[in-house]
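This briefing goes through a protein model by topic, beginning with the terms and ending with backbone angles.

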Amino acid sequence: YLRFGTSGVRGRWGNDFIETRARQVVQAICDFLNNNDVPAFVGAENLAGKKVVLGRDTRRNSDVVAGWVAETVLANGFKLEMADRDVPTPALVFYETDVLPETEVAGLIIATASHNPPEWQGIKFNPRLGYPAPTNVTDFIAFRINELQLVDQAGGSSDIETARSRGLVNGFDPLDAYTVWIKQNGVGNKRVPIDFDRIRVFFADKHVVVDEMHGAGRGYLTRLLGEVGVRHTVLHAEVDPELGGQ
């Protein structure tokens with residue numbers, strides 16, 4: 001049976017990770033968010049009808065998995081904030097917690113296998129306050145996944161485009177807002193400040209090489225370096241599900 005670890009489920013595509021199991025994972029997450037027969041000690045809230053933020057990485061089939069997630073989430077009565085492109089986890093958490101109103105958010109689901117090889121896939125879940133799902137939550141979700149497997153149920157499915165036409169699906173790209181947020185670190189808030197003037201002076205006679213490794217973080221550091229005025233060269237900035245053989 002699939003088990004959660006570090007807030008997510010991961011497996012080899014077509015072997016441990018298949019469509020039915022993926023949809024069962026999402027259905028179990030939706031059961032938690034809807035507080036559907038969740039024991040009191042787990043600490044669930046009834047977040048029915050609120051927004052689920054959905055992101056993905058650049059590996060092969062992440063867009064396919066994101067589609068399965070979207071269809072199952074919509075079938076469970078949630079609205080959807082669906083990333084228009086691959087987005088790194090910190091930027092997704094930022095969008096979930098700092099862009100969307102707290103009262104409108106149910107949680108964050110990401111189609112990613114994190115650090116695993118390119119042939120793997122996965123689904124990661126963060127509750128509405130942005131932190132990785134704690135053990136009491138993932139234990140319940142894993143238990144519900146196993147129940148769904150035993151009775152061979154995979155949850156419902158709703159058409160994404162029909163939901164979009166009804167205003168239930170919204171696209172987003174947090175790149176601009178996230179880089180502005182980073183530049184405001186320590187300005188009227190308690191976040192660790194970043195001294196961009198000092199960075200600019202230090203690198204004035206230097207050249208920075210940024211290896212984006214074909215990943216979801218593409219464009220973030222380079223945007224900040226460009227705005228600060230640091231000369232830089234970018235490697236592996238294009239999407240490549242095989243990670244260029246690296």
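A residue is called buried when its relative accessible area is under 20%, exposed when over 50%, and partly exposed in between, with a 1.4 Å probe and protein chains only. The model is predicted, so local features need pLDDT of at least 70 and side-chain atom pairs count only at pLDDT 80 or more, while totals for chains, interfaces and linings use all residues. Residues are numbered from 1 along each chain as its sequence is written, and side-chain values use heavy atoms, with hydrogens and water left out.

**Overall fold and size**

- The protein has eight helices and eight strands; these are DSSP runs numbered from the N terminus, with helices being H or I of at least four residues and strands being E of at least two.
- The radius of gyration is 19 Å, close to the 18 Å from the globule rule for 246 residues, so the protein is as compact as a globular protein of that length. The radius is taken over C-alpha atoms, and the rule is 2.2 Å times the number of residues to the power 0.38.
- The C-alpha trace spans about 65 × 45 × 35 Å along its principal axes.
- Among contacts with a separation of 6 or more, 73% are between residues 24 or more positions apart, a contact being heavy atoms within 4.5 Å.

**Surface and charge**

- Buried residues make up 47% of the 246 in the protein.
- The accessible surface is about 12,100 Å², and carbon and sulfur atoms hold 52% of that surface. Areas come from the Shrake-Rupley method with a 1.4 Å probe, and for residues only the protein chains shown count as cover.
- There are 26 positive and 32 negative side chains, and the centres of the two sets are 4 Å apart. Lys and Arg count as positive, Asp and Glu as negative, with His and the chain ends not counted. Each charge is placed at NZ of Lys, CZ of Arg, CG of Asp or CD of Glu.

- Phe172 lies in strand E6 (residues 169-172) and is buried, at 5% relative accessibility.
- Val53 is 119 residues from Phe172 in sequence, and their C-alpha atoms are 9.7 Å apart in space.
- Beyond its neighbours within four places in sequence, Phe172 has contacts that include Val53, Leu54, Met82, Leu92 and Tyr95. Glu81, Ala83 and Asp84 are also in contact with Phe172.

**Salt bridges**

- Side chains of opposite charge can pair when their charged atoms come close. The structure holds 18 salt bridges, each a side-chain nitrogen of Lys or Arg within 4 Å of a carboxyl oxygen of Asp or Glu.
- Asp86 pairs with Arg85 at 3.4 Å, N to O. Asp86 is buried at 6% relative accessible area, and Arg85 is buried at 17%.
- Arg144 pairs with Glu147, with the closest N and O atoms 2.9 Å apart. The two residues are three apart in helix H4 (residues 135-150), which puts about one helical turn between them. Arg144 is buried at 9% relative accessibility, whereas Glu147 is partly exposed at 34%.
- Asp176 and Arg223 form a salt bridge of 2.8 Å, N to O. This pair links distant parts of the chain, 47 residues apart: Asp176 is in helix H6 (residues 175-183) and Arg223 in helix H8 (residues 220-228). Asp176 is partly exposed at 46%, and Arg223 is partly exposed at 27%.

**Helix H8**

- The buried residues in H8 include Tyr220, Thr222, Leu224, Leu225 and Val228.
- Their cover includes helix H3 (89-99), H6, helix H7 (196-202), strand E7 (208-211) and strand E8 (232-235).
- Gly229 follows H8 and has a positive phi, near 95°.

- Most residues other than glycine have a negative phi.
- Asn61 has a positive phi, near 75°. Asn61 sits in the loop between strand E2 (51-56) and helix H2 (62-75) and is buried, at 19% relative accessibility.
- Met213 also has a positive phi, near 55°, and is found in the loop between E7 and H8.
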